[in-house]
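This report looks at the open space in a protein model and at the charged side chains that pair up within the fold. Please keep the structure in view while reading.

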Amino acid sequence: MRQPLSRELSNLLERGRDRQLRLAVTGLSQAGKTAFLTSLVNQLRHAGVEARLDLLPAARDGRLLGAQRLNQPDLGVPRFPYDPGMAALRDTPPRWPEPTRGISELRLQLRYRPAQNGWLSPDIAHLTLDLFDYPGEWLLDLPLLQHDFYSWCQAQPLLEGEQRRALFSEWLDAVKALDPAAEADEAQLAHLADAYAQGLRRAKAAGFSDLQPGRFLLPGELAGAPVLQFFPLPHLDASREMLNNLPQSSLYATLAARFRYYQQQVVKPFYRDHFRRFDRQIVLVDVLGALNAGPERFEDLSRALRQLMQSFDYGKRSLLSRLFAPKIDRLAIAATKADHVTPDQHGHVVQLLEALLAEPLKDLRFANVPVKALSLAAIRATEAREVLQDGKRSSALRGTTLEGEDVLVYPGDVPTRLPNANFWQHQGFDFPSFRPMPSTSDALTHIRMDAAIDWLIGDKLA
């Protein structure tokens, strides 16, 4: 939905004055985007009062006066459900906010005192911060824009790994017998597409990340539409040229046409209307969850992230490019759920995250895009404890599981590099899922949210 001309001009003026910032919170499913955004809004709303933001200079120095929610500019997009999220966290017992099931946004106005007051500087300045959230499943579709149907079929990891093959075994057996040149059967296509979608949902529940198309997992208004009735052909042995010359009514041509329609009518509008407008971005990664799930799913996460990072538009911006062709000019990559390991392991988590994204990080630094890796817990769920065990002090975590059991756990050491086969044979992880900790104040407790906020917007509050 287009904005009124006056509002577009107002936004354009604000961007030209560098007083408006569009921040995207991205990450795959289960990475904690909703919790992060809820905590981000909460910390900024309570800055200068109860929020602990020592690593954000504007807050530490008392210059950040707080934030107020404003009406969002795009009336066709739902508002991010901050109030329901806070209600869940304040419930008895506390609950995690519901995960994202569609695009949402929220606009904040931050008020602060500039660090240096010149004769042209105001006593009080403001920054308009637009926050964007959307399902992690939809992110998985962005790499599709780099493919045609043939290359997408070749790139799918359906035959890689015993556990993944088992989840798709019945579907794989069915499509193995298909003849790409045969006449397309609409009923058969619908049945096989549904079976493929069920395999994707099983894989997601089992902890896999590299799952395409993402809308099959969360179709929304597209449920049942023919645009979602396609699937890859993992056993192609003919050339692209031969397959592209098959009749339009053939199985291959029909699937390829639906793939192209999906690219053009579903993925490209999502990229054009949302991703191309972002100024800054934080990518949330559940590294510990992948460690917990084992080697096959850890490698699956690595592959999905490598593909995903290639889809974003990074680069420096002049004033003109900022106004008319925005690019992401600052990036944070954060390992979430840092409170699932003891504080002495937080540095290890960051090192593992950097190893997981080694190649994309090299490309970003080569392009001179500022990027920072960190670990955080947007909303704390555990407390670190020092306990005496066999006459020695050791670190442990105390928390309450989702089932309501109070536990003391010893999570062990996180590797600082990508685990090899020997590591997986001799060490495993069993991180339980915890309830959020009850808060004793209006500001949520966290780990390093202030560091993330400083990196993402701190320079605008100077």
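This is a predicted model: local features need pLDDT of at least 70, side-chain atom pairs count only at pLDDT 80 or more; totals for chains, interfaces and linings use all residues.

## The largest pocket

A pocket is an open set of points on a 1 Å grid over the protein atoms alone, where a 1.4 Å probe fits and protein lies on both sides within 12 Å along at least five of seven lines, and its lining residues have an atom within 4 Å of a point.

Residues are numbered from 1 along each chain as its sequence is written, and side-chain values use heavy atoms, with hydrogens and water left out.

The lining of the largest pocket has 50 residues, and Gln30, Ala31, Gly32, Asp286 and Lys337 lie nearest the centre.

## Salt bridges

A salt bridge (a side-chain nitrogen of Lys or Arg within 4 Å of a carboxyl oxygen of Asp or Glu) occurs 20 times in the whole structure. Arginine 164 and aspartate 300 form one of them, with the closest N and O atoms 2.3 Å apart. Arginine 164 is buried (under 20% relative accessible area, where exposed means over 50% and partly exposed in between, with a 1.4 Å probe and protein chains only), at 2%, and aspartate 300 is also buried, at 0%. Both belong to a salt-bridge network that links Glu160, Arg164, Asp210, Asp300 and Arg303.

Another salt bridge joins arginine 280 to aspartate 329, at 3.2 Å from N to O.
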